[in-house]
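Here is a short briefing on one protein chain. Look over the sequence and the model, then read the points below.

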Amino acid sequence: MENWELISYREQWVLFDPKEYGVSQMDLVSTTVAHEIAHQWCGNLVTMTWWDQLWLNEGFATFMQQLGADAAMPALGAFSRFSTSIMQSVLTLDTLSSTHPS
């Protein structure tokens with residue numbers, strides 16, 4: 001959860017022990033931290049008009065989490081997986097007949 005000057009996490013989302021966890025957990029920790037930092041610096045400064053525009057905050061934070069994780073740990077290649085890991089799932093949701101513009 002993000003607030004002005006404070007981001008709080010559960011320990012499992014911020015602590016990483018390479019002896020106990022693998023690369024997938026390292027990737028999850030780095031993207032989670034980057035996502036919350038994006039919310040803090042951008043989501044709290046630019047606020048949506050109403051909750052039906054929440055996709056804008058989350059969409060931006062999701063994009064920035066890949067960039068942030070890639071900048072912090074380039075060996076994981078988080079941004080190079082963006083089109084397959086994030087965009088493909090979004091496009092799949094867009095093909096549903098129940099999907100409609102906000």
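Confidence in the chain is lowest in strand β1 (residues 2-3), at a mean of 58, and highest in α2, at 85. The score is pLDDT, the predictor's confidence in each residue, from 0 to 100. This is a predicted model: local features need pLDDT of at least 70, side-chain atom pairs count only at pLDDT 80 or more, and totals for chains, interfaces and linings use all residues. Residues are numbered from 1 along each chain as its sequence is written, and side-chain values use heavy atoms, with hydrogens and water left out.

**Confidence**

- The mean pLDDT of the chain is 79. Of its residues, 88% reach 70 or more.
- Where pLDDT is low, the predicted coordinates should not be read in detail.

**Architecture**

- The chain has 3 helices and 2 strands. Helices (H or I, at least four residues) and strands (E, at least two) are DSSP runs, numbered from the N terminus.
- From the N terminus on, the order is β-β-α-α-α.
- Of the 102 residues, 25% count as buried. Buried means under 20% relative accessible area, exposed means over 50%, and partly exposed lies in between (1.4 Å probe, protein chains only).
- The accessible surface of the chain is about 7500 Å². Carbon and sulfur atoms hold 64% of that surface. Areas come from the Shrake-Rupley method with a 1.4 Å probe; for residues, only the protein chains shown count as cover.
- Take the contacts in the chain with a separation of 6 or more: 52% of them join residues 24 or more positions apart. Contact means heavy atoms within 4.5 Å.

**Helix α2**

- Helix α2 covers residues 54-72. It has 19 residues and spans 27 Å from its first C-alpha to its last. That is close to the 27 Å expected at 1.5 Å a residue. The expected span is 1.5 Å times one less than the number of residues.
- The buried residues of α2 are Asn57, Ala61, Thr62, Gln65, Gln66 and Ala69.
- Gln66 has a relative accessible area of 4%, so it is buried. Leaving aside neighbours within four places in sequence, Gln66 is in contact with Thr31, Ala78, Phe79, Phe82 and Ile86.
- Gly68 also sits in α2. Its relative accessibility is 28%, so Gly68 counts as partly exposed.
- Gly68 and Ser30 are 38 residues apart along the chain, and their C-alpha atoms are separated by 8.0 Å.

**Salt bridge**

- A search of the whole structure finds 1 salt bridge. The term means a side-chain nitrogen of Lys or Arg within 4 Å of a carboxyl oxygen of Asp or Glu.
- The partners are Asp27 and Arg81, at 2.7 Å, N to O. Asp27 lies in helix α1 (residues 23-43) and Arg81 in the loop between α2 and α3 (82-94), so the pair ties together parts that are 54 residues apart in sequence.
- Asp27 counts as buried, because its relative accessibility is 18%. Arg81 is partly exposed, with a relative accessible area of 30%.
- Asp27 touches Leu76, Ala78 and Arg81, not counting residues up to four places away in sequence.

**Surface patch**

- Trp50, Trp51 and Leu54 form a nonpolar patch on the surface. Together they have about 400 Å² of accessible area.
- Patches are made of residues with over 30% relative accessible area and no salt bridge: like charges are joined within 9 Å, nonpolar side chains (Val, Leu, Ile, Met, Phe, Trp, Tyr) within 5 Å.
- Leu54 belongs to helix α2. At 32% relative accessibility, Leu54 counts as partly exposed.

**Loop residues**

- Glu5 lies in the loop between β1 and β2 (6-7). Glu5 is exposed, with a relative accessible area of 78%.
- The C-alpha atoms of Glu5 and Gln40 are separated by 7.9 Å, and the two residues are 35 apart along the chain.
- Gln12 is placed in the loop between β2 and α1. Its relative accessible area is 48%, so Gln12 is partly exposed.
- Gln12 touches Gln25 and Val29, not counting residues up to four places away in sequence.
- Gln12 and Gln25 are 13 residues apart in sequence and 9.4 Å apart in space, C-alpha to C-alpha.
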